[in-house]
Amino acid sequence: MIPADKIKSNRFLLFLLGYHLIFTYFSWDYFVENGGDAAFYWFQTEASRNRLLCDLFHYGSDVILLFNYFFANILHLDIVFGFLLYSLIGFLGILQFYRLGKALMNGRTTVFGIDFLFLLLLLPNLHFWTATLGKEPICFLLITAVLLEICQKKYFSIKLIVAFLLLMAIRPHIALFLLTAVMFVFFFGKQLKPMQKLLSGLVFLIVAAVAGYMVLQLSEIRYPDWERIRYFNEYSLLSFRDSGSYVPMPDYSYPYRLFTFWFRPFPGEFTTFLGWGLALENIVWLLLHLTALFLLARKWQQLHFTPVMKIILLFAVISAVIIVQRYAGFGIFARTKIMLQPFTGLVLLWILTFVPPQTEKNT
C-alpha cells in the first residue's frame with residue numbers, strides 16, 4: 001500500500017500545480033490585453049524577429065532568445081506553448097522553493113494549527129511572475145537552486161556552479177548581488193577553512209569583476225565612473241514616467257524608497273484588478289514583517305540564523321538598495337521582488353515558528 005503521507009503529498013503537489021496553471025492563464029491573458037516582453041522573447045517584435053541564431057550567443061536577454069529559438073523559429077510553436085513551458089519551469093522553481101522552506105524550518109511550519117509555509121506558497125505574486133514568458137521563472141529557479149545547495153552544505157557542487165553561471169548569464173546584476181552576499185557570510189563565518197576562504201576570495205574577485213563588467217555593458221554605463229552611474233540611474237528612473245504604474249522615486253527620501261519598493265502599492269493606489277490583488281498581498285507582507293520584527297526584538301538572543309538565512313537577508317538588502325536607484329514603477333517592483341521577497345518570507349516564517357528548545361521541554 002502507498003503510505004498516507006505520500007498520498008497527501010501527491011495531492012498537495014497536484015493542487016499546487018493546478019493553482020499555478022490558473023495563474024498561467026492570468027499571465028497569458030494579461031499579455032494578450034496589455035502586451036509585454038513575452039512578444040520580444042518569442043520573436044514577435046521588430047527588435048527580435050530578424051535576429052539570427054549566430055547573433056544570440058551573448059549574455060542578458062539573448063540567453064532567453066537563444067533558449068526559445070528552437071521552439072519559436074524552428075518548430076514555429078504558438079506563444080501559448082511558450083507560456084506553458086515557462087510556467088512549468090517556474091513551477092519547478094516553486095517545488096525547489098518548497099524544499100528550501102522545509103529544510104530551513106526543519107519541517108516546523110505550523111503555528112496555532114496553521115501551516116504558514118503552505119499559505120506562503122499560495123500568494124498570487126509568486127505564481128503570476130513564475131508563470132509568465134520571461135526571465136523571472138528561470139531566475140527564480142536558479143536562485144532557489146543555489147540557496148538550496150548552500151542550505152544542504154553542498155558549497156562546491158556542480159548544480160550550484162551551473163545554476164549560478166546561468167543566473168550570471170541572464171541577469172548578471174542579480175548574480176553579483178547574490179555572490180556578494182554569499183562571500184560576505186562565508187568569509188566572516190566559520191564554514192570554510194582559512195585556505196578555502198583565501199581561494200574563495202580570489203575566485204570571488206575574478207567572478208565579481210566579470211559580472212560587474214557585464215552589468216556595465218548591459219546598462220550602457222560602459223565603464224565605472226560615478227557621474228555616468230548617477231546619470232544613467234536618473235535616466236532609468238525617469239524612463240518609467242510614461243508607465244501606468246509610475247512612482248516618483250526621485251522625490252522620495254531613501255528610506256521611503258525602500259519602503260515603497262517592499263510594501264507599496266497599498267489598496268486604492270493602483271486601481272486595476274491586479275493592482276488591488278498586489279496591494280492586499282503587500283498588506284500581508286507588511287504585517288508579516290512587523291510581526292517578525294516584534295518577535296525578533298523579544299527573542300534575538302535565542303535566535304541563531306543559519307548561513308543561508310544570513311545570505312537571503314543580505315541578498316535582499318543589497319538588491320533593494322541598488323534597485324531603488326534604477327526602478328520607479330509598481331509593476332516593475334512586483335516583478336523584481338519575485339527574486340527576493342519569497343526567500344525573505346521564509347526567514348520571517350522561521351522567526352514566527354521558532355520555539356526555543358527549553359520552551360519545548362517545559363510544555
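Predicted model: local features only at pLDDT ≥ 70, side-chain atom pairs only at ≥ 80, totals over all residues.
Residues are numbered from 1 along each chain as its sequence is written, and side-chain values use heavy atoms, with hydrogens and water left out.

**Exercise 1.** Find out how far helix 8 reaches and how many of its residues are buried.

- Start with the run: helix 8 covers residues 135-151, 17 residues (helices are DSSP runs of H or I, at least four residues, numbered from the N terminus).
- Next, the span: 24 Å from first C-alpha to last, close to the 24 Å expected at 1.5 Å a residue (that is 1.5 Å times one less than the number of residues).
- Then burial: 16 of the 17 residues are buried, so the helix is largely enclosed by the rest of the structure (buried means under 20% relative accessible area, exposed over 50%, partly exposed in between, with a 1.4 Å probe and protein chains only).

**Exercise 2.** Work out which residues pair with Glu136 in salt bridges.

- A salt bridge puts a side-chain nitrogen of Lys or Arg within 4 Å of a carboxyl oxygen of Asp or Glu.
- Arg171 is one partner, at 3.0 Å. Glu136 sits in helix 8 and Arg171 in the loop between helix 9 and helix 10, so the pair ties together parts 35 residues apart in sequence.
- Arg335 also pairs with Glu136, at 2.9 Å. Arg335 belongs to helix 16, 199 residues away.

**Exercise 3.** Decide whether Arg230 is buried, partly exposed or exposed.

- Its relative accessibility is 39%, so Arg230 counts as partly exposed.

How values were computed
Helix = DSSP H or I, 4+ residues; strand = E, 2+ residues; numbered from the N terminus.
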